[in-house]
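Please look over the structure shown here. The report that follows goes through its chains, sheets, cores and interface.

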Amino acid sequence: MRYSKTHEWIDKVGEHYRVGISNYAQEHLSDLTFVECIPENTSVEKGKRMGTIESVKSAEDFYAPCSLKIIKINPAIADTPEIINKDAEKDGWIAEVRPTDEKELEELMDAAAYKEYLKGL
Amino acid sequence: MELKRTPLFDLYSENGGHVVPFAGWEMPVRFNASISEEHLAVREKAGIFDVSHMGEILLQGKDALSFANYLITNDVRKLQDGQVCYSVMCNDRGGAVDDLLAYKFGESKVMLVVNASNIDKDHEWILSKRGNFNVDIKNISEEMAQIAVQGPKAQEILQKTTTFELDKIGFFFFKEIVLGEGINAIVSRTGYTGEDGFEVYLSSVNAIALWNMIMKAGKNLGLQPIGLGARDTLRFEAKLMLYGNELDDETSPLSAGLSWAVSFEKDFVGKDALLKQQADGLKKYLVGFEMSERAIPRHGYAIYCGGEKVGAVTSGTFAPFLQKNLGLGYVPYEIRKSGTEIEIEVRGEMKKALIVKTPFYKKQYKKTKENI
């Protein structure tokens, strides 16, 4: 699993990659009420807006951790966005994606580096 | 700018507080529970809030009451000693310098409780309006702490800290009483949640002792510490104003639907401007709306009606108790009626909404009308 500085994760699950927000991000946002992701089959460049997460408190954008194409949006998050609060880094995945260039993933932080990064925030 | 801390700051971490900057202060946005859970705890049981960042300005002297009456829109002469009123303090244009609570101790003593973000602005404004009034104006915000206990169990909990019978304090009345072992406090049956409850003003040096005492008293009654996140969603459901959102220097209390807190039977700053607004007809009006499509309205989003941009959202959220996506915002006076269809622009997309009656949430609880 790799993490971006803007608190998204990307991980290979089976054949595909999945993207979500980190546990730190869900804790910061508190109870999520709505997740909007750009549509399936659209592409987005690294660092550009991939969607918006709404909590009781606010609406926050999340960003593509690498350049990618959306294959499938997690069907569970439409009606139960709270699964992200319960399990942000596994069942609370937001989209299945295909990275444009897998090498870009190497620029992201691994779990240990991300943990260090959080300490500095 | 260095952020300020209330006298209760050190208790946040041991209570699991998530601290964020707010209006120049380091305040807990929530504690251990989520914002929704804290919100529901106040609706169903009770919550304790550190609201020590709020400001208190004391007016004392022969003309204290008449000066207060000149400063604010509501009529403090109609209050009994020991009664509180909500009011707006207007500038000469009829815009809101702030909204506040006025505590009438007597003819020669009135305490104004103002918003944290406006303390210095209000203090300077009040000083500038003194003129020939015989009044001493003192900003006592630094030395005062404020703890709110709100919710259906609030009275039962706070009662455990005092021998004074709290049932005798009516809605929007206050008493100076002793809590615990000799903590002097001003206790009013007021709040910012839409629930029954109390706001307790006391010397900052006693704040931690009182907080711990109330927490202990509420331990088996479901009392939880509540952060600013739930404070905002609670006040929003009850359509209580948030200065900077529903009110600002350019917004009049008449447009905000606060004419009940404006008395034209007396002279006050901004009266002429408000009378003119009334004679000319109000241009805009604050309404509540419910989203018909799945989207959450947020502060600053544009409101459309019949394809035209007509106003802006002042506050909006997923309402945790009502379980609906709701908003407040200003629209032209003519389209203010409930049942009117409007649209909210949410990240470039038009989402349908319906103007509804407010407040969204109203508690049917028993209130005594006066101090007994």
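## Contacts along chain B

In chain B of this predicted model, 68% of the contacts with a separation of 6 or more are between residues 24 or more positions apart. Buried residues account for 48% of the 372 residues in this chain.

## Overall form of chain B

Chain B contains 19 strands and eight helices. Its radius of gyration is 21 Å, close to the 21 Å that the globule rule gives for 372 residues, so chain B is as compact as a globular protein of that length. Along the principal axes, the C-alpha atoms of chain B fill a box of roughly 65 × 50 × 45 Å.

## Strand β4 of chain B and its partners

Strand β4 of chain B, residues 55-60, is joined by six bridges to strand β7, residues 109-114 of chain B, and the two run antiparallel. Within this pairing, B:Leu58 has B:Met111 of β7(B) as its bridge partner.

β4(B) is also joined to strand β8 of chain B, residues 136-139, by four bridges, again in an antiparallel arrangement. Here the bridge partner of B:Leu59 is B:Ile137 in β8(B).

## Nonpolar cores

Which residues touch the most other members of the largest nonpolar core? In this core of 100 residues, they are B:Ala68, B:Ala102, B:Val110, B:Leu112, B:Ile147, B:Val149 and B:Ile214. Strand β6 of chain B, residues 96-106, supplies the largest share of the core, with six residues.

Once neighbours within four places in sequence are left aside, B:Val149 is in contact with B:Ala46, B:Ile48, B:Ala154, B:Ile157, B:Leu158, B:Gly197, B:Phe198 and B:Ile214. Both B:Val149 and B:Ile214 also belong to the group that touches the most other core members. Another core, of 27 residues, lies apart from the largest one, and its members include A:Val19, A:Ile53, A:Leu68 and A:Val97.

## Where chains A and B meet

How many residues does each chain bring to the contact? Chain A contributes nine residues, and chain B contributes 12 residues. On the side of chain A that touches chain B, β4 (32-37) and β6 (49-55) of chain A each supply at least two residues. By class, this side of chain A is made up of three charged, three polar and three nonpolar residues.

Methods:
Residues are numbered from 1 along each chain as its sequence is written. Chains are lettered from A and ligands numbered from 1 in the order in which they are written. This is a predicted model: local features need pLDDT of at least 70, side-chain atom pairs count only at pLDDT 80 or more; totals for chains, interfaces and linings use all residues. Two residues are in contact if their C-beta atoms, placed from the backbone, lie within 7 Å. Ala, Val, Leu, Ile, Met, Phe, Trp, Tyr, Cys and Pro count as nonpolar, Asp, Glu, Lys and Arg as charged, and the others, Gly among them, as polar. A nonpolar core is a set of buried Ala, Val, Leu, Ile, Met, Phe, Trp, Tyr and Cys residues joined through C-beta atoms within 7 Å. A residue is buried if 20 or more other C-beta atoms lie within 10 Å of its own, exposed if 12 or fewer, and partly exposed in between; C-beta atoms are placed from the backbone. The radius of gyration is taken over C-alpha atoms; the globule rule is 2.2 Å times the number of residues to the power 0.38. Two strands pair if DSSP finds at least two bridges between them.
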